[in-house]
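Here are my notes on this one, as numbered points. Have the model open while you go through them.

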Amino acid sequence: MTKKQLTITQPDDWHLHLRDAEALNSVAPFTAKQFARAIIMPNLNPPVTTVAMAVEYLDRILAAVEGTDFEPLMTLYLTDNTSVDEIIAARKSCFIKGLKLYPAGATTNSDAGVTDIRNCDAALDEMQKSGLPLLVHGEVTDPQVDVFDRESVFIDKVLQPLSQRFPELKIVFEHITTRQAANFVLESGDNIAATITPQHLLFNRNALFQGGLQPHHYCLPVLKRNIHQQALLGIIRAGSNKFFLGTDSAPHARHKKECACGCAGIFSAHAAIEIYTSIFEQQGVLDKLEAFASFNGPDFYGLPRNSKTITLVKQDWQVPDEYPLGSDKLVPFLAGQTIHWKLV
Ligand code: DOR
Ligand code: ZN
């Protein structure tokens with residue numbers, strides 16, 4: 001029997017870019033409407049590297065979602081110079097839920113990122129002791145490495161050795177895109193988990209070139225071959241508790257996507273839970289959505305599951321062609337297309 005309505009525990013988004021200033025005010029309400037909490041990426045310009053900066057950013061986010069009970073879960077941007085004292089301060093703060101590893105040069109605002117993970121050993125040691133997770137953008141930046149191989153090479157060159165040196169460190173392998181990443185997480189201990197985006201479940205790299213160059217399908221890590229998309233779909237069908245929802249919703253103004261040297265990032269916050277629901281339905285595993293969206297993330301982070309619920313109904317609606325982004329425009333994921341589930 002096909003389902004017409006679905007009620008699940010309210011989900012959380014374990015990987016989200018909210019930006020700042022007027023862009024923040026434009027996009028944050030979309031997330032607050034669906035999700036109880038979200039892990040907020042610190043790749044602002046300048047990046048959020050200290051607890052003091054995170055407190056100020058938290059206040060700006062709370063102002064942008066006033067009138068809701070959305071809870072931002074803050075992160076710090078790891079650098080070569082992040083001190084042990086900053087890690088201790090982060091743990092004591094209680095609202096910092098992890099440190100984000102951007103290999104320097106890997107993606108948007110990553111110039112201040114880590115040049116060699118060994119520079120972070122003291123900070124990582126403290127994180128391991130205090131149970132503060134490391135959230136990983138898993139790509140090497142060596143220009144000699146093919147862009148489609150950067151995640152799998154990262155596993156071999158950085159992540160595998162790192163997890164051997166810090167066997168108890170909690171690691172979230174963010175926005176995994178390959179079969180190798182899925183297998184790495186499956187074969188690792190309970191301290192290693194991963195998030196999966198809607199775009200890496202829905203598309204493979206053909207979508208970048210379908211009928212012409214498609215900047216709104218460009219994100220990092222870039223979409224991979226179909227075999228990798230199928231591996232990720234296999235993961236959600238199997239329903240392992242090591243994988244959970246992380247949209248990586250990353251808004252950029254239309255003119256910064258539709259240009260030479262366009263930015264990487266897909267904005268999906270406008271319809272995130274509806275898109276994931278459609279994917280799970282299409283895979284015949286709607287019964288596995290709730291664990292992926294609402295249980296596995298808080299269980300991994302050691303946070304309580306949400307007590308509220310949300311309801312989705314089977315109802316077609318069309319994604320607008322654009323939304324405002326401050327005084328700019330934003331093209332949402334699946335713009336102009338029909339989505340078959342709607343949040344009530
Ligand atoms: O596509 C991406 N966009 N990947 C990232 O890692 C960063 C993000 C952004 O901040 O725009
Ligand atoms: Zn991201």
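1. Start with the salt bridge between Asp 12 and Arg 37, whose closest N and O atoms are 2.8 Å apart. (A salt bridge here is a side-chain nitrogen of Lys or Arg within 4 Å of a carboxyl oxygen of Asp or Glu.) Asp 12 is in the loop between strand E1 (5-9) and strand E2 (13-16) and Arg 37 is in strand E3 (residues 37-40), so the pair ties together parts that are 25 residues apart in sequence. In total, the structure holds 9 salt bridges. Helices (H or I, at least four residues) and strands (E, at least two) are DSSP runs, numbered from the N terminus.

2. Some housekeeping. This is a predicted model, where local features need pLDDT of at least 70 and side-chain atom pairs count only at pLDDT 80 or more, while totals for chains, interfaces and linings use all residues. Residues are numbered from 1 along each chain as its sequence is written, chains are lettered from A and ligands numbered from 1 in the order in which they are written, and side-chain values use heavy atoms, with hydrogens and water left out.

3. Now the ligand. (The cut-off for a polar contact is a pair of N or O atoms within 3.5 Å.) Taken alone, ligand 1 exposes 290 Å², and the protein buries 100% of that (Shrake-Rupley, 1.4 Å probe).

4. Two cis peptide bonds are worth a look. One runs from Asn 45 to Pro 46, with omega near 0°, and Pro 46 lies in the loop between E3 and helix H2 (51-64). Another runs from Leu 220 to Pro 221, with omega near -5°; Pro 221 is in the loop between helix H7 (198-202) and helix H8 (226-238).

5. Check Ala 21 too: phi is positive there, about 55°, although the residue is not a glycine. Ala 21 lies in helix H1 (residues 21-34). For background, most residues other than glycine have a negative phi, and most peptide bonds are trans.
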